[in-house]
Amino acid sequence: MHAPIKTVLSLALIGALQAVVPAHAAQADASAAVPSAAVRPGDDFFGYANADWLKITSIPADRSSWSSMAQLAEETNQRIIKLIEAVPGDKHASAEAQKVSDYYRAFMDEAAIEGKGAAPLQPALKKIAAIQDKTELAHALGASLRADVDPLNATEFHTENILGLWVAQGLNDPRHNLPYLLQGGLGLPDRAYYLDDNERMHKLRTAYQAHIAAMFKLAGLSDPETRAARVYELERKLALTHASREDSADVLKANNTWSAADFAKKAPGMDWNAFFKSAGLGKQQTFMLWHPTAVVGVAALLKECTLEAWKDFLAFHAINTAAGSLPQAFVEQHFDFHGRTLGGTPQLPARWKRGLDAVNGGMPDAVGKLYVGKYFPPEAKAKLQQMVASIVQAFHRRVDKLEWMAPATRKEAHAKLDALYVGVGYPDKFTSYAQLSVKPDDAFGNAERAGKLHYWQQLAKLHQPVDGKEWCMPPQLVNAVNMPMQNALNFPAAILQPPFFDLKGTDAQNYGAIGSIIGHEISHSFDDMGSQFDSQGRLRDWWTPADAAHFKTAAGALAAQYSAYKPYPDLAINGQLTLSENLSDLAGLAASYDAFKAVNPGGEEADRAFFLGYAQSWRSMAREPALRRQVMTDGHAPARWRTYTVRNLDAWYKAFNVQPGQQLYLAPQERVRVW
């Protein structure tokens, strides 16, 4: 199946684009924010730092949210499109660059796509219609498997395929790559959308079932309403077997090793031999099950539910996931539900934006290679590497000052920092697309072939040594990441631009913005999840009991702090779900501040500039449906509340004269201090 339609380049830092105030649909002006005289920093530091930006900015009509990261991604996209469009006239363009151009041109050829109608779907739909029994069904389900999830590096848990596959080094065996199986099969974002009993969810479920029927009708299938009812009921039953988003983030609950023989014993009902043979995993003897209850549940439902229901399920998701490369009627229907109804976005993005999303999804590293060849100066890489080194040293010093940490724990913490791999700009080795067949008149086929190539490239890793320097995101992505099993960081080229990083900017601005991001990513190695991995990336308890208890207490206090925030009267932030990110925000900002003071020991004015740089890098706003979805399903707190982590740093109080009685004020003993 194709990857879901999504905006690849407008992902925000580690997932959090969203956030803060209601906004109407109009083009945004991303002018620099200035502090507000009307809002006290101690009452609302986000509002104080970003008042001017919030006043003049609106969410574009084709977005569910807008932010400084989204603005930078938009500017980056404009540059990339010009590079792609210049390829046909460049006699020196590489064969790979030509493929990028052809991929994009195929998507942009609306006349060709409209002329084919729903015909590209027919081979897949005919295969599904021809399924005669549950063994053939298991074969078809296995063939639909794709490498489309990443629970640790991208916190990407959602796939419309019945299960998700992730190939990475073993939690307990960092020397070998293993296949991880994750729950899947839902067209709605999360199990809560099927199970929560409130009016808003009831309306969404009704709209979703209508969307399923509409897609069946567009594809020319008979009795669409009956089919839609069967699909929805099957997905509802799947949702009952799914882990919650909070449990999915618990790596200890994900540490389940099954042999190939275990599936028939522990998950009866599925012909697992047929499933894995079709998935290209027939000879694989060891699996990691991130969501064992879902695997057991899928097998049970295969036996319980009718063959017709399962065939309808496969047919719908084959249509739904391919909608972006089908005629406009499919695109509009998909957007009407997923964009307008789920995201609150009024307007479908322009075709060139969707075309770039398509090529980024199919050939991400090839696009990245074009981008860094033109827009990433060596000076930026050198400067960032220098900043990373200074913040790592600041973290070393913070570890040495922790009175509560035992020598054995301290030694391992230092070892993790010493072993850290930091990738800046782009990977040492780009993914090859030499085996990808790209046709300038086949948008549907290009996407299908790209998805399959990516899948087989991931399966090939099962027979290759672990590459500790492998990247998990392309250079043109405005983002950054910590990969706990690799003990590695990635800082793609696209984020190394203003407002996050400016070669000509002040230390205060750079350490407050990109410095806090660097610190955040380093700190992920020591958050509630990262701290469970040792310097070699092995899931291992390297803490003394007393140290672990102290850390748990401090982390619990931060979770409670965030659980008290309520974006809406009926919806609070889940402090446990967002704990990893909140811990990294806090520790990362503190470490960046220390590094900043080491290079610029200036007084309160410099400190104010540092904290303002931090808060202004998080400027963001979201439509209500998108913000609600984030709070319910995302491991990141919305941007406004992430900014509020400053209330745990003593230096912030002094810099802005924050006093008791102001809303963000915490007494010194109530300020959370972890690292």
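Two strands count as paired when DSSP finds at least two bridges between them, and helices (H or I, at least four residues) and strands (E, at least two) are DSSP runs numbered from the N terminus. With that in hand, welcome to a predicted model, in which local features need pLDDT of at least 70 and side-chain atom pairs count only at pLDDT 80 or more, while totals for chains, interfaces and linings use all residues. Residues are numbered from 1 along each chain as its sequence is written, and side-chain values use heavy atoms, with hydrogens and water left out. The chain's secondary structure comes to 27 helices and nine strands.

**Overall dimensions**

- A compact globule of 675 residues would have a radius of gyration near 26 Å, and the chain agrees with its 25 Å; the radius is taken over C-alpha atoms, and the globule rule is 2.2 Å times the number of residues to the power 0.38.
- Along the principal axes, the C-alpha atoms fill a box of roughly 75 × 55 × 55 Å.

**The four-stranded sheet**

- This open sheet has the strand order β2-β3-β5-β4, and its pairing is mixed.
- Its edges are β2 (163–169) and β4, each with a single partner strand, so one side of each lacks a neighbour in the sheet.
- Neighbouring strands here are turned by 35° against each other on average, direction ignored; axes are lines fitted to C-alpha atoms, for helices over the stretch in contact, and angles run from 0 to 180 degrees between N-to-C directions.
- Seven bridges hold the antiparallel pairing of β2 and β3, and in β3 the bridge partner of L163 is Q183.
- Strands β3 (residues 177–183) and β5 (residues 286–289) are parallel and share two bridges, with L181 opposite L289 of β5.
- Strand β4 (residues 257–259) runs antiparallel to β5, joined by three bridges, and W258 stands opposite F287 in β5.
- Helix α13 (residues 292–304) lies across β2, β3, β4 and β5, running at about 40° to β4; contact here means heavy atoms within 4.5 Å.

**The three-stranded sheet**

- Another open sheet, also of mixed pairing, has the order β6-β8-β7.
- Strand β8 (residues 488–492) runs parallel to β6, and five bridges join them; G425 has P492 of β8 as its bridge partner.
- Helix α18 (residues 378–401) lies across β6 and β8, at about 150° to β6.
- Helix α21 (residues 507–523) lies across β7 and β8, at about 150° to β8.

**Pocket and cavities**

- On a 1 Å grid over the protein atoms alone, a cavity is a set of points where a 1.4 Å probe fits but cannot get out, and a pocket is an open set with protein on both sides within 12 Å along at least five of seven lines; lining residues have an atom within 4 Å of a point.
- The second largest pocket has a volume of about 800 Å³, where grid points are joined across faces, edges and corners and a volume is the space filled by probe spheres set on the points.
- Its lining has 28 residues, of which A124, K127, A143, E448 and K452 lie nearest the centre.
- Helices α5 (122–129), α6 (134–143), α14 (307–321) and α20 (443–460) are the elements giving two or more residues to that lining.
- The lining of the second largest pocket divides into 18 nonpolar, five polar and five charged residues; Ala, Val, Leu, Ile, Met, Phe, Trp, Tyr, Cys and Pro count as nonpolar, Asp, Glu, Lys and Arg as charged, and the others, Gly among them, as polar.
- The model has four cavities of 30 Å³ or more, and the largest cavity holds about 80 Å³ of space.
- Of the 14 residues lining the largest cavity, I113, K116, S325, A443 and F444 lie nearest its centre.
- The elements giving two or more residues to this cavity lining are α4 (110–116) and α20, and α4 gives the most, with three residues.

**Backbone details**

- Most residues other than glycine have a negative phi, and most peptide bonds are trans.
- T155, in the loop between α6 and β2, has a positive phi near 40°.
- The peptide bond from P498 to P499 is cis, with omega near 10°, and P499 is found in the loop between β8 and α21.
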